[in-house]
Amino acid sequence: MSLEEITARIRAAESAANRASGSVTLIAVSKVQPNERVEAILRKGQRCFGENRVQEAAGKWPTFRETFENIDLHLIGPLQTNKVRQAFGLCQSIHSVDRPKLANAIARVAQEEGHCPDLFIQINTGEEDQKAGVMPGDADGFVAECTKLDLPIKGLMCIPPVDEEPSLHFALLAKIAARNGLSGLSMGMSGDFESAIAQGATHVRVGSAIFGARDYS
Ligand SMILES: *Cc1c(COP(=O)(O)O)cnc(C)c1O
C-alpha cells in the first residue's frame, strides 16, 4: 500500500472518530527495510520514522540525516541501559520505557546531557511472559516513579497479543493513560491502526503496510 493511501486511511479514521485532522502522527516503521525503500518514503516527504534497535538506527539514520532535514526518529523496541546515551543521540522519542532500572538510567543521562527525548511507557496489556512492558497493575505506580524522576512522559505504548482482539487492549491502554493524566497513546500497527485511532491513538506505528513485508533472511 502506498504512503498516500495509508495517510488517507488515517485521515478517514480521525474523521470517523470525530477527531481533528492531523491529530494522529504516523510513525513509519523502517526496521529491517532496505535503504532504497526508506529513501523512497523520505522523498515523498515522510519525516517521522520508527526503529526497534539502537544499533540498526545508528547504522542508517545519521547518513539519511545528511540528506534529509527534520527527521523525527522514534525508538519503539527494547532499550538496554548501556545504550541509553546512544539512543539520546539518535532518537527524539523512546516508546519502550518499561522498568525502574531503565527509567533511572534515562534520568541520569538526561541530567548529564541536559535534554531528554519524549518518553512513552510500554504497558504489557496482555500480561504476556515473553513481552516487554509494565504489567497493567503496576502501571500507576511506575508512572508515579517516572514523574518523581522528572522524566518527560508523553504517554503509553502497547503491542497487543497477536491472537486477541486488539481493540480491548487499546481501550485498556487509553483507560490507564486517562487516569494518569497522560495524553499520548502509541498504539496501532499495519493490521489495526484504524481501530487504534477509534480508541484514541495519537501515534500509530505502521511498517509493512507502507514498506512491504520485512525480509529477515
Ligand atoms: C515492527 C513493529 C511495528 C510495525 O509492525 P507492522 O505490522 O509492520 O506495521 C510496530 N510496533 C512495533 C513495536 C514494532 O516492533
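1. Let's start just after H6, where Asp 150 adopts a positive phi of about 65 degrees. Helices here are DSSP runs of H or I with at least four residues, strands are E runs of at least two, and both are numbered from the N terminus. Please keep in mind that this is a predicted model, in which local features need pLDDT of at least 70, side-chain atom pairs count only at pLDDT 80 or more, and totals for chains, interfaces and linings use all residues. Residues are numbered from 1 along each chain as its sequence is written, and side-chain values use heavy atoms, without hydrogens and water.

2. In H6 itself (residues 139-148), the buried residues are Ala 139, Phe 142, Val 143 and Cys 146 (buried means under 20% relative accessible area, with a 1.4 Å probe and protein chains only). They lie on the same side of H6, because their arc around the axis is only 105 degrees, taken from the directions from the helix axis to the C-beta atoms.

3. An oxygen atom of the ligand sits 2.5 Å from an N or O atom in the Ser 190 side chain, and a ligand nitrogen atom is 2.8 Å from a polar side-chain atom of Arg 205. The protein buries 89% of the 390 Å² that the ligand exposes when taken alone (Shrake-Rupley areas, 1.4 Å probe).

4. Finally, Gln 33 belongs to the loop between strand E1 (25-29) and helix H2 (35-43). Gln 33 counts as buried because its relative accessibility is 4%. A polar atom of the Gln 33 side chain is 3.0 Å from the backbone oxygen of Gly 212.

Notes. Buried < 20%, exposed > 50% of the residue type's maximum accessible area, 1.4 Å probe, protein only. Polar contact = N/O pair within 3.5 Å; in protein donor to acceptor, adjacent residues only side chain to side chain.
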